[in-house]
Amino acid sequence: MPVSTEKLVRQAQAGDKDAFIALMDAYKLSLTRAAMAILHNEEDAADAVAETVVEAFSRLCTLRQPKYFKTWITRALICNSCDILRQSRRYVSMDRLPETEGPGSHPTDSTLDIQACLAQLAENDRLVLTLHYMDGLKIKEIAKMLETKEGTIKARLSRSRQRLQKIYLEREGNTCGAK
């Protein structure tokens, strides 16, 4: 029988390292997705997740309500990702320069198409779409995490879906026209 998140948080707060590891295992994919939505770079996303894990380990005792663990840790990840993003804007490394597309370089899998379209969205658009659809967070949770009103998140989700659809349809039109 799986142990609840709240119980694991309480155990981890009491010093149970195995409970903390179980928490991190449970949320690793969700944290990685959110970091990738912000940073677009696997190494930077891994750094953000690692920094968040260290921070969570040292500050878990400050979490008053264990039921908000996911919101708490995702908020910390967003802050860490934004810090990395600010630092990386100071320079551009060679591996981040755009590659020229050759013939046949269009993804054939629709998942890759969606990921490519998501990459073209603004950071806020990507973030709300990722948190809502990939991580399954409710609008209320996202609003609390981003410290904005629920109506603002609803509007962002709506606009982000429209932008994603427009980019996807334009991409599909270009792909079909190239064949």
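Reader: Before we start, what am I looking at, and how are residues numbered?

Author: This is a predicted model, where local features need pLDDT of at least 70, side-chain atom pairs count only at pLDDT 80 or more, and totals for chains, interfaces and linings use all residues. Side-chain values use heavy atoms, with hydrogens and water left out, and residues are numbered along each chain as its sequence is written, from 1.

Reader: How many helices and strands are there in the protein chain?

Author: Helices and strands are DSSP runs numbered from the N terminus (helices are H or I with at least four residues, strands are E with at least two). Along the sequence the pattern reads α-α-α-α-α-α-α-α. The count is eight helices and zero strands.

Reader: What share of the protein chain's residues count as buried?

Author: Buried means under 20% relative accessible area, exposed means over 50%, and partly exposed is in between (1.4 Å probe, protein chains only). The protein chain has 179 residues, and the buried share is 35%.

Reader: How are helix 3 and helix 4 oriented to each other?

Author: Axes are lines fitted to C-alpha atoms, for helices over the stretch in contact, with angles from 0 to 180 degrees between N-to-C directions. Helix 3 (residues 42–59) and helix 4 (residues 69–88) have axes that come within 9 Å and cross at roughly 130 degrees. Under 35 degrees is roughly parallel, over 145 roughly antiparallel, 65 to 115 roughly perpendicular, and the rest oblique. Helix 3 and helix 4 are therefore oblique.

Reader: Which classes do the residues in the contact of helix 3 with helix 4 divide into?

Author: Contact means heavy atoms within 4.5 Å, and the residues making it include D44, A48 and R59 of helix 3 and W72, L77 and I84 of helix 4. Ala, Val, Leu, Ile, Met, Phe, Trp, Tyr, Cys and Pro count as nonpolar, Asp, Glu, Lys and Arg as charged, and the others, Gly among them, as polar. The contact divides into eight nonpolar, three polar and five charged residues.

Reader: And how does helix 2 run relative to helix 6?

Author: The axes of helix 2 and helix 6 (residues 123–134) cross at roughly 160 degrees and come within 8 Å. That makes the two helices roughly antiparallel.

Reader: Which residues of helix 2 make that contact with helix 6?

Author: On the helix 6 side, the residues are E123, R126, L127, T130, L131 and M134. By class, the whole contact has six nonpolar, one polar and three charged residues. From helix 2 come R33, A34, A37 and I38.

Reader: Where do the buried residues of helix 7 sit around its axis?

Author: In helix 7, I142, A143, M145 and L146 are buried. They cover an arc of only 165 degrees (taken from the directions from the helix axis to the C-beta atoms), so they lie on the same side of helix 7.

Reader: Is E147 buried or exposed?

Author: E147 lies in the loop between helix 7 (139–146) and helix 8 (150–178), and has a positive phi of about 55 degrees although it is not a glycine. Its C-alpha atom is separated by 9.5 Å from that of R75, 72 residues apart along the chain. At 61% relative accessibility, E147 counts as exposed.

Reader: What is the relative accessible area of H40?

Author: H40 is found in the loop between helix 2 (17–39) and helix 3. H40 is not a glycine, yet has a positive phi of about 60 degrees. H40 is partly exposed, and its relative accessible area is 38%.
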